[in-house]
Amino acid sequence: MAMLALVQNRTQGDERFFFGAAVVMTLLVVTAFSVQLAAGRSTFASPWPVHLHAISFFGWIFFYLLQNALVATGSVALHRRLGWIAAFYVPALVAIGIGTVVRMVRHGTVPFFFTPAYFLVMDPATLLVFAGLVTAAIRLRRKSDWHRRLMLCGMCMLLGPAFGRLLPMPLLVPFAGLAAATPGLLFPLAGMIADRRRDGSVHPAWFWGVGVMLATFASMELIGRSPAAARLAEAVAANSPGASIPPSNYPPPSKGRLITGR
């Protein structure tokens with residue numbers, strides 16, 4: 001009976017933590033993009049592929065919140081049925097996200113605190129690692145302790161754009177990418193602390209997830225500033241307005257509101 005009570009307490013503690021983390025992530029993303037719009041630093045006057053990108057990624061954030069809410073309220077069967085949506089949703093997010101990055105490089109609308117070469121490496125890297133962590137979580141879905149933790153780490157890979165809209169990015173050059181990406185580590189670190197307080201030990205899934213995240217951030221810095229990344233950016237921007245921006249140089253600040261992907 002004591003062992004059963006321990007397992008129940010651990011499970012309930014997990015559910016509260018992961019639902020709470022999902023709520024905070026959702027509020028973070030909504031707040032960040034709302035602040036950007038209210039401050040006049042962005043506009044809805046973007047082409048339809050950019051709107052598709054925004055709707056798709058916002059949809060995923062709310063899907064993640066819904067899935068955690070279902071578990072927290074005991075609707076595990078529905079959570080599992082809806083979970084298969086991720087098998088189609090995640091590849092679509094990767095394709096839409098990379099397509100938007102390529103469009104911005106070709107149109108010369110990369111944010112001025114990133115070089116085109118770095119931006120072309122940073123965003124696809126975070127998307128692919130997000131997809132990898134979510135895939136691993138789905139494969140381990142029968143081990144809910146691993147599944148939840150890897151899903152959260154995957155979600156953290158998508159939070160860079162939100163943090164980037166709240167931080168003074170121009171002041172953080174040349175490490176603006178790291179400055180936007182690394183605050184996402186606060187969520188798994190909070191999970192580690194919660195595990196330690198509740199169970200007396202840290203679940204190994206956190207070490208795998210955080211290790212993958214740190215390796216990704218280091219790779220972004222090394223590859224994004226390399227000659228290979230510059231050559232790739234040149235090839236992507238060839239015969240387009242973006243070709244006028246040297247791939248390893250920071251673009252000039254945009255005048256007026258930012259129109260993504262125009």
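Partly exposed, for this talk, means a relative accessible area between the buried limit of under 20% and the exposed limit of over 50%. Arginine 198 falls in that range, with a relative accessible area of 25%, so it counts as partly exposed. The model is a predicted one.

I'll start with the charged side chains. By the rule used here, the structure has eight salt bridges. Aspartate 14 is the residue I'll follow. At 5% relative accessibility, aspartate 14 counts as buried because the limit is 20%.

Take arginine 198 again. Its side chain meets that of aspartate 14 in a salt bridge, 2.9 Å from N to O. Aspartate 14 sits in helix α1 and arginine 198 in helix α9, which covers residues 186-199, and the two are 184 residues apart.

Next, arginine 148. It forms a salt bridge with aspartate 14 as well, at 3.5 Å, N to O.

Then arginine 149. The N to O distance in its salt bridge with aspartate 14 is 2.9 Å. Arginine 149 lies in helix α6 and aspartate 14 in helix α1, so this pair ties together parts 135 residues apart in sequence. Arginine 149 is buried, as is aspartate 14.

Which residues do salt bridges with shared partners join into one network? They are Asp14, Glu15, Arg148, Arg149, Asp195, Arg198 and Asp199.

Now the aromatic side chains. There are 12 aromatic pairs in the structure. I'll show two of them.

Phenylalanine 112 and phenylalanine 113 make an edge-to-face pair, with 5.3 Å centre to centre and 65° between the planes. Phenylalanine 113, at 17% relative accessibility, counts as buried because it is under 20%.

The other pair is phenylalanine 114 with tyrosine 118. Their ring centres are 6.0 Å apart and their planes are at 20°, so the pair is stacked; the angle limit for stacked is under 30 degrees. Phenylalanine 114 and tyrosine 118 are both buried.

How values were computed
Residues numbered from 1 in each chain as written. Predicted model: local features only at pLDDT ≥ 70, side-chain atom pairs only at ≥ 80, totals over all residues. Heavy atoms only, no water. Salt bridge = Lys/Arg side-chain N within 4 Å of Asp/Glu carboxyl O. Helix = DSSP H or I, 4+ residues; strand = E, 2+ residues; numbered from the N terminus. Buried < 20%, exposed > 50% of the residue type's maximum accessible area, 1.4 Å probe, protein only. Phe/Tyr/Trp six-rings, centres within 6.5 Å; stacked < 30°, edge-to-face > 60°.
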